[in-house]
Amino acid sequence: MSPFGLLPMRAWASLFSQVLRPSGLVCIREVHFHSQVSEAVLTSQLKPHQEKSNFIIKTPKGTRDLSPQQMVVREKILDMVVGCFKRHGAKRLDTPAFELKEMLTEKYGEDSGLIYDLKDQGGELLSLRYDLTVPFARYLAMYKVKKMKRYQVGKVWRRESPTIVQGRYREFCQCDFDIAGQFDPMIPDAECLKIMCEILSGLQLGDFLIKVNDRRILDGMLAVCGVPESKFHAICTSIDKLDKISWNDVRHEMVAKKGLAPEVADRIGDYVQCHGGVSLVEEMFQDSRLSQNKQALEGLGDLKLLFEYLTLFGIAEKISFDLSLARGLDYYTGVIYEAVLLQTPAQAEESFNVGSVAAGGRYDGLVGMFDPRGHKVPCVGLSIGVERIFAILEQRMKTSGQKIRTTETQVFVATPQKNFLHERLKLISELWDAGIKAELLYKNNPKLLTQLHYCEQMGIPLVVIIGEQELKEGVIKLRSVASREEVAIKRENLVAEIQKTLSES
């Protein structure tokens, strides 16, 4: 070994020969540099082998891969949701997965701590988007758009503790529908609730209820109950937990942890435990305390009009005025709503609670937060909880043992004989060119039984078979995988016959 390091003498001799000057002198500084490089190369070669035993292949916490079977179910959900959005005249929009950090700050209240900040890249402080609503508001302000009905499907990221069994992740998909613009009161809001009903009914998730409230009613209620304005947000956060914990626990949190007077908490309790239909709205109009608050009266007036439109849409029985609903996001200014599934006791034992499956509300001031002159564009929208809905349907699939096709292949091209690859390739190309979804095995001489077994395994409905006899006679055999019946069809009529058979099935 050489005294200069770990390299063998032969390697050092080679190194010296490379750094000899034309004059025959050696640059010792270069020798030292090459020694460092060689040691770094050796270390980099050894390191992977040393660390391999401790390396665990996994996805980051709060994320997951989706198998082909899962993707089939997910695509069906998204197709249903997007189809409904399009039926209501929405245009599709897309925005970057990350935004300038300053665009997202001070938009989410306490939830701002859940935003994923990215490492500084070239002087711009960036964050992954937390939802699709704030980027939409930024888009409207940036391009000075005053009216728009849009939908967007995309991933968002939140640094919260994931609860995988309840469909809660750190990376998840959102499907949003929003109406931006100055319109007559409650017409767009009613349409958003109608869309929610159409989607939840179409997905056949079971019975559901949409809770409705108004931030103006909520703020008015807190004011007349004696809550200091400085504590509005903190008390709203406590009220928002009523779907998870009892009123006694919420009251204890308000009094013991947030310093609210017990009698004030009791007055709040009289309101937040109320829920009902339009009759409750009328009752609140007559309430001696609430009727004295201008904000609350405005909210009640809009809710009364909203229920009138919901009745015309035929969905009023699905809507409940619930004074405990207090959606946490700071940007909501008016009507807010949240959809939950109603489970029978038997379903509750079999299933699990995923919380709300859709939510939304009115946010009239958010666009103005981006506009230099503070110009507002009133907006109302909704978001469908795809991950939670998927968790429910995935659980049902496991329970029922339902088999799912992961491909849409309609026809398989097969042969019973050897040396027919060229004929199969010509045939499948003809099918592809006609828009027919087709497959073959990537083998020169596959066995017919193997090919037919593959069709049964993958749920492919039709097989076209070509062999010597068929080639001589100018026909192709068309076989039904389910019934195993075969018919001979003239080669020139094959595409038309396949299309006819597929349309009838």
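Leaving aside neighbours within four places in sequence, S127 is in contact (heavy atoms within 4.5 Å) with A97, F98, E99, K101, L104, I115, Y116, D117 and L118. This is a predicted model, in which local features need pLDDT of at least 70 and side-chain atom pairs count only at pLDDT 80 or more, while totals for chains, interfaces and linings use all residues. Residues are numbered from 1 along each chain as its sequence is written, and side-chain values use heavy atoms, with hydrogens and water left out.

S127 belongs to strand β3, residues 126-128; strands (E, at least two residues) and helices (H or I, at least four) are DSSP runs numbered from the N terminus. Because its relative accessibility is 1%, S127 counts as buried, a word that here means under 20% relative accessible area, with exposed being over 50% and partly exposed in between (1.4 Å probe, protein chains only). The side chain of S127 also makes a polar contact of 2.7 Å with the side chain of D117. A polar contact is a pair of N or O atoms within 3.5 Å; within protein, one must be able to donate a hydrogen and the other to accept it, and residues adjacent in sequence count only if both atoms are side-chain atoms.

Next comes the sheet. It is open and built from 9 strands in the order β1-β4-β5-β11-β10-β9-β6-β8-β7, with mixed pairing; two strands pair if DSSP finds at least two bridges between them. At the edges lie β1 (91-92) and β7 (275-276), each of which pairs on one side only. Strands β10 (residues 356-362) and β11 (residues 379-384) are antiparallel and share 5 bridges, and A359 has S383 in β11 as its bridge partner. Helix α3 (residues 68-87) packs on this sheet, where it touches β4 (148-157), β5 (171-180) and β11, and its direction makes about 10 degrees with that of β5 (axes are lines fitted to C-alpha atoms, for helices over the stretch in contact, and angles run from 0 to 180 degrees between N-to-C directions). Helix α6 (residues 187-202) packs on the sheet as well, touching β4, β5, β6 (208-214), β9 (335-341), β10 and β11, and its direction makes about 10 degrees with that of β11.

D131 sits in the loop between β3 and α5 (133-142) and is buried, because its relative accessible area is 2%. Y331 lies in the loop between β8 (319-322) and β9 and counts as buried at 6% relative accessibility.
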